[in-house]
Structure formats: C-alpha cells, structure tokens
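My notes follow the order in which I checked them.

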Amino acid sequence: LKLKKEKKKGLFGRASVGYGTSDRNESSLSVNYFKGATKLSVIARAGNTNNTGFGSSEMIGMPGGVGSSKGGINNPSGLNKYRAAGINYSDFWGKSLELTGNYFFNHTSNDNTSQSHRETFFPDSTVTRAQQSLTGNNNDNHRINFKFTYTIDSLTSFVYIPNINFQNTKTFRNDTTEGFASQNSASYKVNDSRSVRENKGD
C-alpha cells in the first residue's frame, strides 16, 4: 500500500483531565501534525500527582526524538506541583539535509512542613520542646536537542548533534525550635531559635 504524495498529511491529538481527592489533579495534551516529510508534535502535562515526566504512550507520538523528556530533574520528596511541555520537529530541507530537533521544559515546585513535640519529665519539672521545619524547592529545566544529517551520496553523510541543557534551582528551609520548662505551676521559656537558609543555583 502506497499513498499518493498529496495524501500524506494529517492532524491528530489527545487531551485528558483528571481530578481526585485532596485537590489532586492532572491534565495532559498531545498534538501531532504531518505533511510529507514534515512532522511536528507538541506534548504538555501539568498537575500535582508527582507524575512529572511524560509517559511512553505520549513519547511514541514524538517522531525522530532525541534526548530525554525528564530533562535531568530529580524530584524532591513530598507532593510535587509540576508543569512540563515539549515540541519535536522533523523535516527535510532540500534533498540532502534532514533536521530533527526538540525542546523540553520541566518545572517542579515542592513545599513540605514537618512538626515535632516532645516532653521530658523530671522529678521536679517538665521540659517541653517544639520543632517546626518548612522547606521549599523550585526547579526549572530546559533541554534542547538537534540532529543535522547531510547526505553527500549513498555511501557518505555528515551528522552533527548539538544539545543545550540549562537548569535553575532554588531551595528554602526555615527551622524553628522552642523550649519551655514547667516547675511548681510556673512556666518559662528556656530556648528559642530560628534558622533560615536559601540557596540558588544554575
């Protein structure tokens, strides 16, 4: 079966939206276009279910792909909010040059809160210690890949594969500790400390 050249074109896609308990949500979109040797695909995903990468079923529609959809992101612990998108392009420029390229973007953000409460009893007093930690992580990653194939003849070709990957991260931590002592119906503070740390990196 061989299609006529003018019939080798099409546009198809898929979209999904999901919502669950505790405000959990996820949405995804994929669109594919082809006409002759030209192929263009777009995929996108967003939500807060920790599923930050693209699934294999989504990547199947990315023709001629090079590189990874994850973009090098390491997911922090806890519940992650994320946004991800990718675009893939493939075409012949003239009779000898074939170009394949894609761009992927990932963003994840994460906030965690932990608390602890401890009481120590002595014969004449009680010491109470309360701790709280707030942590936050933000990560943006961009990944660009290209593949140029120039065919000189049936036995000789030149292939050039450049790629660019850059990432921006930001972390935040706020620790608070308070200590109280109770003795003879009297209560007084014995410890109060707080530390704040913030790191940024590219």
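**Salt bridges**

I searched the whole structure, which is a predicted model, and the search gave 6 salt bridges. Side chains of opposite charge can pair when their charged atoms come close.

I looked at R45 and E26, which form a salt bridge with their closest N and O atoms 3.1 Å apart. R45 sits in strand β3 (residues 38-47) and E26 in strand β2 (residues 25-35), so this pair ties together parts that are 19 residues apart in sequence. I noted R45 as buried, at a relative accessible area of 10%. E26 is partly exposed, at 25%.

Next I checked K189, whose side chain meets that of D192 in a salt bridge at 3.2 Å, N to O. I have K189 down as partly exposed, with a relative accessible area of 42%.

I then took R173, which forms a salt bridge with D175; the closest N and O atoms are 2.9 Å apart. R173 is partly exposed at 33% relative accessibility. D175 has 16% relative accessibility and therefore counts as buried, the limit being under 20%. I followed the shared partners from there: salt bridges join R173, D175 and R197 into one network.

**S109**

I located S109 in strand β5 (residues 97-121). Is S109 buried or exposed? S109 counts as buried, because its relative accessibility is 16%. I listed its contacts, leaving aside neighbours within four places in sequence: S109 touches L79, N80 and K81, and also N137 and N138.

Notes
Residues are numbered from 1 along each chain as its sequence is written. This is a predicted model: local features need pLDDT of at least 70, side-chain atom pairs count only at pLDDT 80 or more; totals for chains, interfaces and linings use all residues. Side-chain values use heavy atoms; hydrogens and water are left out. Helices (H or I, at least four residues) and strands (E, at least two) are DSSP runs, numbered from the N terminus. Buried means under 20% relative accessible area, exposed over 50%, partly exposed in between (1.4 Å probe, protein chains only). Contact means heavy atoms within 4.5 Å. A salt bridge is a side-chain nitrogen of Lys or Arg within 4 Å of a carboxyl oxygen of Asp or Glu.
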